[in-house]
Amino acid sequence: ENWSDFVFKKEYHLPTLEEVERYITEKGHLADIPNEEEVLKNGINLGEMNAKLLQKIEELTLYIIKQNKEIEILKKKGESNDIISNQILELQNEINKFKNR
């Protein structure tokens, strides 16, 4: 796998953000990206590093798409809740008018 488009294949396991956070907390760098000590000791292959960086960008893109879908769902739930709240208020107003007769 020399190029990073494998990230977009169905069988690719995109780590959860919790897994990414845990890795960063434990290791102090992103998975598959060398840490500073390794780079200073061994240098980097620019072509290989570009492919790894593109992989991270593609993973970020997938996270953003997923989060956008979740935001849209939450917006729709919020709109539904607003409609229900308005209907409840209208019913309460009707009940109050009826009581005040």
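His29 sits in the loop between α1 and α2 (36–42). Helices such as these are DSSP runs of H or I with at least four residues, strands are runs of E with at least two, and both are numbered from the N terminus. This is a predicted model: local features need pLDDT of at least 70, side-chain atom pairs count only at pLDDT 80 or more, and totals for chains, interfaces and linings use all residues. Residues are numbered from 1 along each chain as its sequence is written, and side-chain values use heavy atoms, with hydrogens and water left out.

## Confidence

pLDDT is the predictor's confidence in each residue, on a scale from 0 to 100. The protein chain averages 92. At least 70 is the score of 99% of the residues. Among the elements, α1 has the highest mean pLDDT, 97. Helix α3 (residues 46–99) has the lowest, 92.

His29 counts as buried, because its relative accessibility is 16%. The cut-offs are these: buried means under 20% relative accessible area, exposed means over 50%, and partly exposed lies in between, using a 1.4 Å probe and protein chains only. A polar atom of the His29 side chain lies 2.8 Å from the backbone oxygen of Ile33. His29 also touches Tyr23, Ile24, Pro34 and Asn35, leaving out residues up to four places away in sequence. Contact here means heavy atoms within 4.5 Å.

Asp32 has its place in the loop between α1 and α2 too. Its phi is near 70 degrees, a positive value in a residue other than glycine. Most residues other than glycine have a negative phi. Asp32 is partly exposed, because its relative accessible area is 46%.

## The loop between α2 and α3

Ile44 is found in the loop between α2 and α3. At 42% relative accessibility, Ile44 counts as partly exposed. Setting aside neighbours within four places in sequence, Ile44 is in contact with Pro34, Val39 and Met49. Pro34 is also touched by His29.

## An aromatic pair

Rings of Phe, Tyr and Trp (its six-membered ring) pair if their centres lie within 6.5 Å; planes under 30 degrees apart count as stacked, over 60 as edge-to-face and the rest as tilted. By this rule the count comes to one aromatic pair. The partners are Phe6 and Tyr12, and the pair is edge-to-face. Their centres are 5.6 Å apart, with 65 degrees between the planes. Phe6 counts as buried, at 17% relative accessibility. Tyr12 counts as partly exposed, at 21%.

Thr25 lies in helix α1 (residues 17–27). Thr25 is exposed because its relative accessible area is 65%. Leu74 is found in helix α3. Leu74 is exposed as well, with a relative accessible area of 56%.

The table lists separations between C-alpha atoms.

| Residues | Apart along the chain | C-alpha separation |
|---|---|---|
| Thr25 and Asn45 | 20 residues | 26 Å |
| Ile44 and Pro34 | 10 residues | 8.6 Å |
| Leu74 and Asn93 | 19 residues | 28 Å |

## The largest pocket

Rolling a probe the size of a water molecule over the atoms shows where empty space is left. On a 1 Å grid over the protein atoms alone, a pocket is an open set of points where a 1.4 Å probe fits, with protein on both sides within 12 Å along at least five of seven lines. The largest pocket holds about 240 Å³ of space. Of the 15 residues that line the largest pocket, Val20, Leu30, Lys56, Glu59 and Tyr63 are the closest to its centre. Lining residues have an atom within 4 Å of a point. The elements that give two or more residues to this lining are α1 and α3. Grid points are joined across faces, edges and corners, and a volume is the space filled by probe spheres set on the points.

Methods: Polar contact = N/O pair within 3.5 Å; in protein donor to acceptor, adjacent residues only side chain to side chain.
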